[in-house]
Amino acid sequence: MRRPTLDYLRTESGSGLVLAAAAVAGLGVANSRLGGDYFQLLAMPVPVRVGDLTETLTLAGWVRALLMPVFFTVLGMELKFEVLRGELSNPRRLALPALAALGGFLVPAAIYLAFNQGHGGDLAGWPIGCATDGAAALAALAIAGRRLPHALHVLVMSVALVDNLAAVSLTAILDNRALDPDMLIGAGAVLAMLALLSRWRTAPFLFYAAGFVAVWVFTLKSGLDPALGGVACAFTVPVGARRPGQASLLKYFMESLHPYVAFLVLPIFVFAAAGFSHRAVRLADLATPGALGLMLALVIGKPLGAFGLPFAATLLKLVRRPIGATWRQMLGVAALCGVGFTISYFIAGMPVAPKPAIQLAILLGSVASALVGAWLLGFGNTRGDLRDAPPELI
């Protein structure tokens, strides 16, 4: 019998390598003779008109607005499925990933704010360091830590799912842009109809597609990031099967969309978002509060929170360490959670394009987190566990 979470992780791991190639390609083009054309193309205004609906965004803006809501729809469906039917449906298994996600969100935010408070930094940028690129982190985990316990893969995925949705949602909610109440009401009305539609298990898939598109349009015109519409739509999909003996409808939607997201949507976004010219960045820019706070949030804050809170809870015997996992492996996995990469780029672009220094800080922080995590996992496989851990925890 196939385990949906394992299938998901295999796709995520493969996608991480594709994302790395897309980032290298974006950086390469941006710093080549084609750099001018690359930036000019991304900044080109593209007007779209369908009936009375008119919207003009740059090409990069359309990449975000059209593609990333699909990704967050899949992300939301994955979280719902895991909590209701998957690896996180067991309360005993849920506690440790929940603590890791909580620590991996709060500690990076605190570190970023500590460096920017009172130093003229951008206080609104704190969610950037709270993100985890699940695909890139799982790819690094697959390469560096072969034959690791399955629970560690689930831990990375759980932190990525929860922290990414929380960071994106809070960034959009705290945005100071004016919102159109009529469009918000329209989005809410369609979501309510989708919730009612979920009671009709044999409803045609076309109805769901039409509802998702309508929510996307209303959210886009309301002033909110369309990614929030994707998350909201995900939670309206029923977890039950259409007919007895069939797979979950939520699982079917998730598995149908995920390969396109993993190998098409995210690579295109990364190619457009990761490119910046080295001429636009000075080394001194990395010492600014925003860039420095972001790098420390990813490299130090993420592992400190994602490892520290579960470790403390284990000492207090509130949760148990995953069977077969060493503390060094847990620390290595926590370090990999600092690979913000794609999601950090996305949050950094809400609502305006990030500065090149922030793009470079995301790249350096993510690469450093991947290297530290890979070293800890490889070292842990050959040298054993932490020797100073309490005996009852080993």
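Strands, like helices, are DSSP runs numbered from the N terminus, a strand having at least two residues. In this predicted model, Thr56 belongs to one such run, strand E2, which covers residues 53–58. With a relative accessible area of 44%, Thr56 counts as partly exposed. Apart from residues up to four places away in sequence, Thr56 touches Pro45, Val46 and Pro47. Phe276 is 220 residues from Thr56 in sequence, and the two C-alpha atoms are 23 Å apart in space.

The chain as a whole may be considered next. Its secondary structure comes to 14 helices and two strands. The C-alpha trace spans about 70 × 60 × 40 Å along its principal axes. A compact globule of 394 residues would have a radius of gyration near 21 Å, and the protein chain, at 21 Å, agrees with that expectation. Buried residues account for 53% of the 394 residues. Of the contacts between residues at least 6 apart in sequence, 80% join residues at least 24 apart. The accessible surface of the chain comes to about 18200 Å², and carbon and sulfur atoms contribute 68% of that area.

The charged side chains number 29 positive and 20 negative, and the centres of these two sets lie 9 Å apart. Five salt bridges are found in a search of the whole structure. In one of them, the side chains of Asp225 and Arg64 meet with an N to O distance of 3.4 Å. Asp225 is in the loop between helix H8 (205–222) and helix H9 (226–234), while Arg64 is in helix H3 (residues 59–84), so this pair ties together parts that are 161 residues apart in sequence. Both Asp225 and Arg64 are buried.

Another salt bridge joins the side chains of Lys302 and Asp163, at 2.7 Å from N to O. Because Lys302 lies in helix H11 (residues 289–315) and Asp163 in helix H6 (residues 150–173), the pair ties together parts that are 139 residues apart in sequence. Lys302 has 0% relative accessibility and therefore counts as buried. Asp163, at 1% relative accessibility, is buried as well.

A further salt bridge links Asp285 with Arg282, the closest N and O atoms being 3.4 Å apart. Here the partners fall on opposite sides of the cut-offs, buried meaning under 20% relative accessible area and exposed over 50%. Asp285 is buried because its relative accessible area is 15%. Arg282 is exposed, since its relative accessibility is 58%.

Among the helices, H12 (residues 327–336) is mostly covered, with nine of its 10 residues buried. The buried residues of H12 include Trp327, Arg328, Gln329 and Met330, and also Val333 and Leu336.

Ala98 is located in helix H4 (residues 91–116), and its relative accessibility of 39% makes Ala98 partly exposed. Ala98 and Thr314 are 216 residues apart in sequence, yet their C-alpha atoms are 13 Å apart in space. Phe235 is placed in the loop between H9 and helix H10 (249–273). The relative accessible area of Phe235 is 41%, so this residue is partly exposed. Leaving aside neighbours within four places in sequence, Phe235 is in contact with Gly76 and Lys80. Between Phe235 and Arg177, which are 58 residues apart along the chain, the C-alpha separation is 25 Å.

Backbone geometry is the last topic. Most residues other than glycine have a negative phi. Lys317, although not a glycine, has a positive phi of about 60°. This lysine, Lys317, is found in the loop between H11 and H12, and with a relative accessible area of 66% Lys317 is exposed. Phe341 is likewise not a glycine, and its phi is positive at about 40°. Phe341 is situated in helix H13 (residues 341–348). The relative accessible area of Phe341 is 8%, so Phe341 is buried.

Methods
Residues are numbered from 1 along each chain as its sequence is written. Side-chain values use heavy atoms; hydrogens and water are left out. A salt bridge is a side-chain nitrogen of Lys or Arg within 4 Å of a carboxyl oxygen of Asp or Glu. Helices (H or I, at least four residues) and strands (E, at least two) are DSSP runs, numbered from the N terminus. Buried means under 20% relative accessible area, exposed over 50%, partly exposed in between (1.4 Å probe, protein chains only). The radius of gyration is taken over C-alpha atoms; the globule rule is 2.2 Å times the number of residues to the power 0.38. Contact means heavy atoms within 4.5 Å. Accessible areas come from the Shrake-Rupley method with a 1.4 Å probe; for residues, only the protein chains shown count as cover. Lys and Arg count as positive and Asp and Glu as negative; His and the chain ends are not counted. The place of a charge is taken as NZ of Lys, CZ of Arg, CG of Asp or CD of Glu.
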